[in-house]
Amino acid sequence: MKNCTFPIQIVLMKRLVVFIAVLFVSCDYFENRKVNSKDIVTQELETIDWNAVDEYPSFSVCDSVSEKIKRKQCFEMTVLNHVNNYLSKKRIVVTEDIEDTISIKLGIDNSGEISILNIKSKPETLQIIPELDSLLYGSINALPKIFPAVKRGQQVNTEFVLPVVVSIK
């Protein structure tokens with residue numbers, strides 16, 4: 001009679017060696033990798049477009065507008081109409097004709113407060129209407145409540161330039 005245990009032992013040994021090899025190779029698979037929170041924050045900050053907001057600043061009259069671009073246009077037109085109406089009610093006396101586009105750089109903080117950051121106009125316009133800056137400040141300060149811009153669920157500061165055409169003949 002032959003002893004058959006030797007080939008079975010070889011087969012078992014081979015299987016054991018394969019099992020141990022697989023176990024050693026797969027140890028990295030089960031290893032918990034720690035993710036550094038700074039790396040996550042850095043990666044998130046790199047993916048954010050800091051020049052765009054999710055929602056533009058708005059007035060309550062623009063609440064019914066749902067499309068992002070149309071809400072922006074509604075906001076800009078509301079500010080522009082308000083400034084034009086405010087200026088048209090003021091009695092501005094001039095000795096010369098004026099044709100100028102004034103650029104008003106506005107800032108809206110995360111609580112909805114608006115402020116004028118800069119006013120650019122022709123020097124001749126300021127000579128003819130020296131009170132122009134104070135009139136513009138008055139018109140901006142008289143705006144209704146503004147809802148600030150939103151970025152990723154947070155209210156954020158924004159800036160934009162409002163062109164105001166002054167045409168007095």
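Close-up 1. K72 is partly exposed, with a relative accessible area of 29%. In this predicted model, K72 forms a salt bridge with E76. Their closest N and O atoms are 4.0 Å apart. E76 is also partly exposed, at a relative accessible area of 27%.

**Close-up 2. The salt bridge between R71 and D63**. The closest N and O atoms of this pair lie 4.0 Å apart. D63 counts as partly exposed, with 45% relative accessibility.

**Close-up 3. E159 pairs with K105**. Here the closest N and O atoms of the salt bridge are 3.4 Å apart. E159 belongs to strand β5 (residues 158-168) and K105 to strand β1 (residues 98-108), so the pair ties together parts 54 residues apart in sequence. E159 is exposed, its relative accessible area being 53%. K105 counts as partly exposed, at 33%.

**Close-up 4. The protein around these pairs.** The count of salt bridges comes to three. The protein has six helices and five strands. From the N terminus, the order is α-α-α-α-β-β-α-α-β-β-β. Of its 169 residues, 27% count as buried. Among contacts with a separation of 6 or more, 70% join residues 24 or more positions apart. The protein exposes about 12,600 Å². Carbon and sulfur atoms supply 56% of that area.

How values were computed. Residues numbered from 1 in each chain as written. Predicted model: local features only at pLDDT ≥ 70, side-chain atom pairs only at ≥ 80, totals over all residues. Heavy atoms only, no water. Helix = DSSP H or I, 4+ residues; strand = E, 2+ residues; numbered from the N terminus. Buried < 20%, exposed > 50% of the residue type's maximum accessible area, 1.4 Å probe, protein only. Contact = heavy atoms within 4.5 Å. Areas by Shrake-Rupley, 256 points an atom, 1.4 Å probe, with all protein chains shown as cover. Salt bridge = Lys/Arg side-chain N within 4 Å of Asp/Glu carboxyl O.
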